[in-house]
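I want to jot down which side chains pair up and where they sit.

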Amino acid sequence: MRIRSLAISVFVLTLIYSCSNKTRSSAKPGETMMYKDSSKLNRPYAKDPSVVYFNGRYLMYYSVPPAKNTEGWGIAIAESTDLVNWKKTAEIAGTAAYEKKGLCAPGALVKDNQVHLFYQTYGNGPKDAICHAWSTDGINFTRNASNPVFSPGGAWNCGRAIDAEVIKFKDKYFLYYATRDPEFKIQMVGVASTTLDSDFGKSSWTHLSEDSAALKPVYAWEGECIEAPSVIERNGLLYMAYAGAYNNWPQQTGIATSTDGVHWTRMFTEPFLKNGEPGTWNSSESGHPDLFIDNNGKTVLFFQGNPDKGKTWLLSSRQVGWKKDRPVLY
């Protein structure tokens, strides 16, 4: 009887533990994230992911197109408890005059218990620039009064700034952005910085790429475009995931490193994350990356893809492992 009672007790405890685990996370082992937003065009269309952990849940900011017969891209927000299953909870629409034609390509940063969002204006050609807003709940944002807060100078670029990413490194915040050459043909990445106590306003930024780009296309697979920089720090070294080639060329993802935040060296001659084989969901692209380090130290690479040259867009992710400070895809 004692053995039977012990067996029953073990079974009950196992059942309770199993149910508790299911409550904490609905993700299944090995489950792949595949996020679709069909709210605008009646077909999946979500781009440019940026993920943070804030106030007990993960928030993913991403670009959504205008609904049929309307104008202006916007930014949507989805929430998750496991980085796999996401639920759309809100949208950020253009309200200011400089956002009239749209806003998109969010880059999120958690600082002083606030979410700071850096995003670009859309549809203004060389005049598109980086804007800043902040939120205490991750959903409702207050615009910076000096918006747009950044556009680059220097004869090597056209004055445009898109695809913002901001990261704290050593004694500064670094802003990475994409721009084009004066002929509006070649897309490149530049960098600016500001102080640790910055309000991220227009007057706070120091442009560090006055004379040339921090990263520009070199390899054949990068085509005429380097864009969408996403940066993390690991063991005192910065790692940048970047998109090589324009959308659907195919766009693929590369990795570069830096010790000072300004000068960058590629780690690989080939894409770190390639587009899929013909017939797969990302055969046209695996682009616009977002590197994210979870609280447990796990590194996740979020990205956009599609199989139909951009008729649809989906968001997915891959876990990144490390072998002697070199990233590997799982």
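This is a predicted model: local features need pLDDT of at least 70, side-chain atom pairs count only at pLDDT 80 or more; totals for chains, interfaces and linings use all residues.

**Charges over rings**

I started with R180, which lies over the face of F184 at 4.5 Å from the ring centre. I looked up K47 too: it sits over the face of W313, 4.3 Å from the ring centre. My rule for a charge over a ring is NZ of Lys or CZ of Arg within 6 Å of the ring centre and within 35 degrees of the ring normal.

Residues are numbered from 1 along each chain as its sequence is written, and side-chain values use heavy atoms, with hydrogens and water left out.

**Salt bridges**

I took a salt bridge as a side-chain nitrogen of Lys or Arg within 4 Å of a carboxyl oxygen of Asp or Glu. The count came to 10 salt bridges.

I checked K40 and E91, whose side chains meet in a salt bridge at 2.9 Å, N to O. K40 is in the loop between strand 1 (34-35) and strand 2 (47-54) and E91 is in strand 5 (residues 87-92), so this pair ties together parts that are 51 residues apart in sequence. Strands here are DSSP runs (E, at least two residues), numbered from the N terminus.

Next came D128 and R160, bridged at 3.5 Å, N to O. Each lies in a loop, D128 between strand 7 (114-121) and strand 8 (130-135), R160 between strand 9 (142-143) and strand 10 (162-169), so the pair links parts 32 residues apart in sequence. Are they buried or exposed? D128 is buried at 1% relative accessible area, and R160 is buried at 10%. I used buried for under 20% relative accessible area, exposed for over 50% and partly exposed in between (1.4 Å probe, protein chains only).

**Aromatic pairs**

I counted rings of Phe, Tyr and Trp (its six-membered ring) as a pair if their centres lie within 6.5 Å; planes under 30 degrees apart are stacked, over 60 edge-to-face and the rest tilted. That gave 21 aromatic pairs.

Y35 and Y62 make an edge-to-face pair, 5.3 Å centre to centre with 70° between the planes. Y35 is in strand 1 and Y62 in strand 3 (residues 57-64), so the pair ties together parts 27 residues apart in sequence. Both Y35 and Y62 are buried.

Last, I noted one aromatic cluster made of Y53, Y58, W86, F292 and F302.

Terms used:
Helices (H or I, at least four residues) and strands (E, at least two) are DSSP runs, numbered from the N terminus.
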